[in-house]
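Biologist: I would like to learn how to read a model such as this one, feature by feature. Could you give me the general idea each time, and then the case at hand?

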Amino acid sequence: MSYALNEVQALARKAARGAGYSWSLSDEAARATKTLTSMGLDGCACLVALLTSKDVARVRTARMSIAPQRWRSTDAGPLCPLQVGTALWDRQASLDLTGAGLEIAPVMCPGLVLPYAVQIARHWGTPLWVDIGGHACSVSGSAVRPATLPPPDPAPIRLRRSDTALDPGQPARRAKPAPSTWATLERLAHRTYAPATAASRAKGAGGDLPDTD
């Protein structure tokens, strides 16, 4: 089964909200998942790994200590990739990614930070080098090479500018997540739906009323 990228984005948004994220960070989750998917990466599986982690409740409320070249969690636990990515974009004008670059550690499901690196690379017009716990890749405004995601386990991230030119490749038009992955997103999204009541059914909600047309 394949799905349009807009379907992926819409379901990812509801799933993140169903897992306890605010609507604003759920929007971030949806955009990040769509971006990964458009680059041929399994964004849906990456998001599911975050939303079903036993530590997701603590991770989504983690606080960051931000210094010019080093970001850390204030309690030494893993940071949320969506919060890290949002902070990167909010501070992109002042980021110093020359020399050794910026180190952020540790980050849960760190692959979800890659869409923000893509966004910065596109805005700056220059590729970035990203190392995620030893999983090194080059990022441009339209590609991640190699096109593989790191494991979802918490890992440090290092970003710096790069001179590597990337072949943009062909963007993916459809997503083909594993059925179990899609089912998990649907299950989480279902938590955002209002339960049916007798009053709502009397007003025509749902599909169990007879058709009187």
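Modeller: We begin with contact, which means heavy atoms within 4.5 Å. Leaving aside its neighbours within four places in sequence, L88 is in contact with W71, L95, L102, I104, V113 and I120.

Biologist: Before going further, what kind of model is this, and how are its residues numbered?

Modeller: This is a predicted model, in which local features need pLDDT of at least 70 and side-chain atom pairs count only at pLDDT 80 or more, while totals for chains, interfaces and linings use all residues. Residues are numbered from 1 along each chain as its sequence is written, and side-chain values use heavy atoms, with hydrogens and water left out.

Biologist: How many helices and strands are in the chain?

Modeller: Helices (H or I, at least four residues) and strands (E, at least two) are DSSP runs, numbered from the N terminus. The chain has 8 helices and 9 strands, and its C-alpha atoms fill a box of roughly 70 × 40 × 30 Å, taken along the principal axes. Among contacts between residues at least 6 apart in sequence, 69% join residues at least 24 apart.

Biologist: What share of the residues counts as buried, and which residues have the most contacts inside the largest nonpolar core?

Modeller: Buried means under 20% relative accessible area, exposed over 50%, and partly exposed in between, with a 1.4 Å probe and protein chains only. Of the 213 residues of the chain, 45% count as buried. A nonpolar core is a set of buried Ala, Val, Leu, Ile, Met, Phe, Trp, Tyr and Cys residues joined through side-chain atoms within 4.5 Å; the largest has 60 residues, and those with the most contacts inside it are Y21, L88, I104 and V130.

Biologist: At what angle do α2 and α6 pack?

Modeller: Axes are lines fitted to C-alpha atoms, for helices over the stretch in contact, and angles run from 0 to 180 degrees between N-to-C directions. Helix α2 (residues 23-38) packs against helix α6 (residues 114-124) at about 80°, with the axes 8 Å apart. That makes α2 roughly perpendicular to α6, since angles under 35 degrees count as roughly parallel, over 145 as roughly antiparallel, 65 to 115 as roughly perpendicular and the rest as oblique. On the α2 side the contact is made by E28, A32, T35 and L36, and on the α6 side by L114, P115 and Y116. These residues divide into 5 nonpolar, 1 polar and 1 charged, where Ala, Val, Leu, Ile, Met, Phe, Trp, Tyr, Cys and Pro count as nonpolar, Asp, Glu, Lys and Arg as charged, and the others, Gly among them, as polar.

Biologist: Is helix α3 mostly covered or mostly open, and how many of its residues are buried?

Modeller: Helix α3 (residues 43-51) is mostly covered, with 7 of its 9 residues buried, namely G43, C44, C46, L47, V48, L50 and L51. These buried residues pack against α1 (5-18), α2, α4 (56-59), α5 (81-90) and α7 (179-190). For the pair α2 and α3, the angle is about 145° and the axes are 7 Å apart; A29, T33, L36 and T37 of α2 meet G43, C44, C46 and L47 of α3.

Biologist: How many disulfides are there?

Modeller: A disulfide is a covalent bond between the sulfur atoms of two cysteines. The rule applied here asks for a pair of cysteine sulfur atoms within 2.5 Å, and by this rule the count comes to 0. C44 is in no disulfide, the nearest cysteine sulfur, that of C46, being 10 Å away. The sulfur of C46 is 5.8 Å from the closest cysteine sulfur, in C109, too far for a bond. C44 is buried at 2% relative accessibility, and C46 is buried at 10%.

Biologist: Which backbone features deserve a look, beginning with the peptide bond from A105 to P106?

Modeller: The bond from A105 to P106 is cis, with omega near -25°, and P106 lies in strand β4 (residues 102-107). The bond from R145 to P146 is also cis, with omega near 0°, and P146 lies in the loop between β7 (144-145) and β8 (155-161). Turning to phi, C109 has a positive value near 45° although it is not a glycine; C109 is found in the loop between β4 and α6 and is buried at 2% relative accessibility. A76, likewise not a glycine, has a positive phi of about 70°, and A76 is exposed, with a relative accessible area of 66%.
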